[in-house]
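Q: Could you walk me through this structure, feature by feature? I would like to learn how to read each one.

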Amino acid sequence: MTKTCTVAEMALREIARRRSVLVMLLLLPLTFYLSRRGDHLGQSIRFLCLGLGWALSTAALFAGSAARAIEPRLRLCGYRGHHLVLGRLAALWTVGATLSLPYFLLIRFDQHDVRYGAVALIMAITVVVAAPFGLALSAALPRELEGTLVLLTVIGLQMMMDPAGTSSRILPFWFSREIGTYAVDHTDSGYLERGLIHGATFAVVLTALVVANSSIRLRQRSHLQFSSPR
Amino acid sequence: MRVNQERRAQWLRGVLDLCVLAILARGESYGYELAQSLEAAGLGPIQGGTLYPVLLRLQRSGLVTAHWREGVAGPARKYYRLSAAGSETLRLTANDWNAFAGGVGAVLREVAAQ
Amino acid sequence: MNPQVWLAALAGELSRHGIGPDLAGHVVAEAAAHLRDSGEAPLSAFGPPAAYAAAVADSVGGPDLRPPRRVPGAVRLNVRGVTKRYRRRPVLTGVDLTVRAGEIAAVVGANGCGKSTFLRICAGLASPDRGKVYVNGTVGYCPQDSGTCGFLTPEEHFVLIGAGRGMPRTAALRTGRANAAALDWSPVSATQARHLSGGTRQKLNLIMARMGEPDVLLLDEPYQGFDRGTYLDFWHEVWRWRDAGKAIVVVTHLLNQLDRVDIVLDLTSTKERVA
């Protein structure tokens, strides 16, 4: 537990020192929100949540790439793969939650006739999914540029594809549109349930994926055998 | 009574490293300052050619550690510091020396008393 | 004889007496500082250059005052038949190496002969195509560069590595600062690793590798960017660790320290010979 907490603490400190990144993280969802605020209030909420997911995934992608160099070293001095991943995830989740709070308050006071609880839920699931999504991308694509391009594609598709189509469900933030509809248009709870199942599935699968990847990448290699001294 | 130079140099050869360790036990120092401290302690002027090889030997045997550091105004100086092994050696050898010097002193006092 | 002439003559005499350029530089610089401080004439303070150089050579190469070194202890690192190919090109072919507690092994060889790869295989960071590595105890590894977090301060590195080794925060900080002092460095708490000079970052790397007193130390040219003084400090530290019973493997391309190590593994010919 101490190990996971220490990794989380250090990851938080690292993110907190990237001031310019933090500012952009904070502003990106706002620009998304403002872009549609004039003509379509409901759409602006959906865009804000997607912006939040995008910003946090990008932060996770970069955090994952930056950690790559030091992780083998940490493994060697006593950390296991899951300490490193869970610690980093905890840090990113904390950042995401902190980031979401002002936006939730914005919607709470700027918008009316919206299911606020459902909006909070979207934000929470977005944060939970975006962090492992970014880390998974950084594990699959070691170079940041490629990862960023993939993220751009995913978010772009997420905005353009018809959420009613089956194929759009393979996108990680599909739940956000589904629960968004429930929150804004006051549809039946079927939207909420589908969104919840989708979000929970992605959260669990992505987290399991990054933990498994880290455990494999940082496994004890078979040529090396340790015995305890004396 | 003036001490014979040659004899004095011989005595010093046996104890100079011990005296250097003892001075360093007060705190870190550099070569010239050490030479001054030793002279102030009554050991007479110690030449650089005698002192620095002793310091090198102490450093090599791990009894002192050394670091270069820029002076406030002057040039960089090599500062010496007593290591843990050095203080241990100093403690043990100082006891031995005191016993030895006590013996020498006792024998010589008999001569002086006659 | 004026001091400049005397110092130049001393430098020549030191090299004639087989003193390596690093140590010779120190001796000359220290003598120069002494002459400046004392204002004495070099001949009366140090005597003729040749005599002083002989005294220096005697004190570093002469009888070792160190308590007789313990017989090397248990085998800590045992590498058997490690073979590695890169794109069909053999890099390491059947490399063997045995390092006991209290021994230093130097890994030498031309550029690209697989020194770093060999060390990474020993650390378990890379897999060989064939061969085994047996480690008796814990391992500390210091890479050639990188291996630090740019946005964390040195002290945060100490805490992070320390936690992995199971050290409480205060103990990790104390150990880190003490080891930094041994390399003549006192970390400024607000400076992030990315703002450190190359040499200082290597000191941090080295201290991280030493955290938790691992039994086997794998050092990959850890002195890059060190100035002369720190380079000598580094070797003195290595000897101290050896005397404390560590098994140490140092990758190096500098040959003037080889007489002070116990084993030389030349990867150019991939043959182990005992020095």
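Predicted model: local features only at pLDDT ≥ 70, side-chain atom pairs only at ≥ 80, totals over all residues.

Q: How much of α5(C) is covered, and which residues are buried?
A: Seven of the nine residues in α5(C) are buried, so the helix counts as mostly covered because a residue is called buried when 20 or more other C-beta atoms lie within 10 Å of its own. The buried ones are K115(C), F118(C), L119(C), R120(C), I121(C), C122(C) and A123(C).

Q: How many bridges join β1(A) to β4 of chain C, and do they run parallel or antiparallel?
A: Four bridges join them, and the two strands run parallel. The β4 strand of chain C covers residues 130-136. Take two residues of chain A as examples. L224(A) has V133(C) as its bridge partner in β4(C). For S227(A), the partner is N136(C).

Q: How many residues does each chain give to the contact between chains A and C?
A: Chain C gives 32 residues and chain A gives 25. On the chain C side, the elements with two or more residues are β4, β5 (139-142) and α6 (154-164). By class, that side has 16 nonpolar, twelve polar and four charged residues.

Q: Next, the cores. Which residues touch the most other members of the largest nonpolar core?
A: Again, the general idea first. Nonpolar side chains tend to be buried together in soluble globular proteins. In this model the largest nonpolar core has 126 residues. L56(A), A60(A), V107(C), C122(C), L218(C) and V249(C) touch the most other members. Helix α6 (residues 116-140) of chain A gives the most to this core, with 15 residues. Another core, of 38 residues, lies apart from it; L24(B), A35(B), V64(B) and V27(C) are among its members.

Q: What does A60(A) touch, leaving out residues up to four places away in sequence?
A: A60(A) touches L92(A), A130(A), A131(A), F133(A), G134(A) and L135(A).

Q: Which residues of chain A does UniProt list as "transmembrane region"?
A: The unreviewed UniProt entry lists residues 21-38, 44-64, 85-106, 118-137 and 195-216 of chain A. Check two of these spans against the model. Residues 85-106 of chain A are 100% helix and 0% strand, with end C-alpha atoms 32 Å apart. Residues 118-137 of chain A are also 100% helix and 0% strand, with end C-alpha atoms 28 Å apart.

Q: Last, chain B. In what order do its elements run?
A: From the N terminus on, they run α-β-α-α-β-β-α. That chain has four helices and three strands. Of its 114 residues, 34% count as buried. Among chain B contacts between residues at least 6 apart in sequence, 49% join residues at least 24 apart.

Conventions. Residues numbered from 1 in each chain as written. Chains lettered and ligands numbered in written order. Pairing = 2+ DSSP bridges. UniProt positions renumbered as here; feature names shortened; annotations may be inferred. Core = buried A, V, L, I, M, F, W, Y, C linked by C-beta atoms within 7 Å. Buried ≥ 20, exposed ≤ 12 C-beta atoms within 10 Å, placed from the backbone. Contact = placed C-beta atoms within 7 Å. Nonpolar A, V, L, I, M, F, W, Y, C, P; charged D, E, K, R; others polar.
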